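Hi everyone, thanks for making time. Please have a look at the structure on the screen, and then I'll walk you through it.

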Amino acid sequence: MFPLRRNRRLRTNKAIRSLVRENSITPNDFLVPLFVVEGKGVKEEIPSMPNYYRFSLDLLEQEIKNLWQMGLKSVLLFVKVPDNLKDNKGTEALNPNGLMQRAIKTVKNVCPEMLVMTDVALDPYSSYGHDGIVEDGIIVNDPTVGVLCNMSLSHAEAGADFVAPSDMMDGRILNIREALEDDGFTDVGIMSYSAKYASAFYGPFRDALDSAPGFGDKKTYQMDSANRFEALRETEMDIDEGADIVMVKPGIPYLDIVREIKNEFDVPVAVYQVSGEYAMLKAASEKGWLDHDQVMIESIMSFKRAGADIIASYFAKDIVKLL
Ligand code: PBG
C-alpha cells in the first residue's frame, strides 16, 4: 500500500503549519546593538549598514523610547571614539565621563527598565584598533585584562546591568568577575563573547566605529574559523570563570557551534548576527535579488532552531515591526 505516513499532511494549510511550528520569534529574543557618537542632533547612516545609524546622546533617548515601545527591552552599547582620544592603553575607556559612561546613564535615565549591556574591549579606544594593549607588535594578554577589569567597573558604576567582554583575552572573565564582586557589583552580569571567531564579517562594524586594526589582524586572539572543539573549551572555561551568558559570533556561518554549545552547557546561549551578515542581506535585497523580509525571518529562525536563547541582531527593529 502507498505509505500510511504522508508528511505533507502537516503542511496542507496555514493553520496546520502554525500548529506544528517548532519555533517562533518574539521581541523577547532580541538584544539590540546601538552605536553612539559625540555631538548633538546626530543620526548618521552607516554606509555599509543601510538603515542603521549612529546616534548622538540626545537622539539616543528617542531611539530607546521607540525600542521600549516595540517591546525591545535590552540594548548592547558601542561607542565611536574621536581619534584624538585614542591611545595604546585605551585610557579614555576609563573616563567616568566618557561617551560610554554617559550613554549608559542616558539610557537608564530615559528608560530605567531597559537592560543595558556594554561592549568591553579596547578596540574603539585603541590607536592601533586592537582589542588589547600592543607591545612590540604583540597584543599583550595580562596587562589588557587589567584594563578590561577597570573598564567593566567603570561601566558598572555608570549603571550597566551587564558587561560584555568581546576581546578574547585569556582569563578576563574570572578577573572581571572578581573585580565586580570586590567592588560590590554582585548583580552586574557578564555576557561573555566566548566563541568569537576571527571573522571578515565584522567589516561593516569596523566602518561604523572606525575601529579597523591599524596593523595585522585579530587572529592571535580571536578564534580560527576551522575550529570546533576549541569553541567548547573556550565556553566551558568562561562558564567556570563566572560568565552568566555565553555567546557565539558571528551567527549564520557558525550555527553548528551554537547548537553544540546549547547541547553541552546549561547557561543561556546568545548568538550575534554580525554586521557583515546584515550588510549581505541588505545589499542583495536592495538589488532585488532577495526578498528582504523573508530572508531576514529565515535567518533569525535559523538561530532559534540552532538553540539560541538570545539574538543580537541589527534586524531587531525591522523584524519586530513585522510580527
Ligand atoms: C569589538 C567588537 C567587534 C564586534 C563586536 N565587538 C569587532 C571586532 O572584534 O573586530 C563585531 C560586531 C559586528 O560585526 O557586528 N571587539
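Let's start with a definition: a residue counts as near a molecule if one of its heavy atoms lies within 4 Å of it. By that rule, 18 residues surround the ligand, and the closest are Lys 196, Arg 206, Lys 218, Lys 249 and Tyr 314. Before going on, please note that this is a predicted model, where local features need pLDDT of at least 70, side-chain atom pairs count only at pLDDT 80 or more, and totals for chains, interfaces and linings use all residues. Residues are numbered from 1 along each chain as its sequence is written, and side-chain values use heavy atoms, with hydrogens and water left out.

What classes of residue make up the shell around the ligand? There are eight nonpolar, three polar and seven charged residues. Here Ala, Val, Leu, Ile, Met, Phe, Trp, Tyr, Cys and Pro count as nonpolar, Asp, Glu, Lys and Arg as charged, and the others, Gly among them, as polar.

Next, a bond to look for. The peptide bond from Lys 249 to Pro 250 is cis, with omega near -10°. You'll find Pro 250 in the loop between β10 (245–249) and α8 (255–264); strands (E, at least two residues) and helices (H or I, at least four) are DSSP runs, numbered from the N terminus.

Finally, Asp 136: this residue is not a glycine, yet has a positive phi of about 50°. Asp 136 lies in the loop between β6 (133–135) and β7 (138–140).
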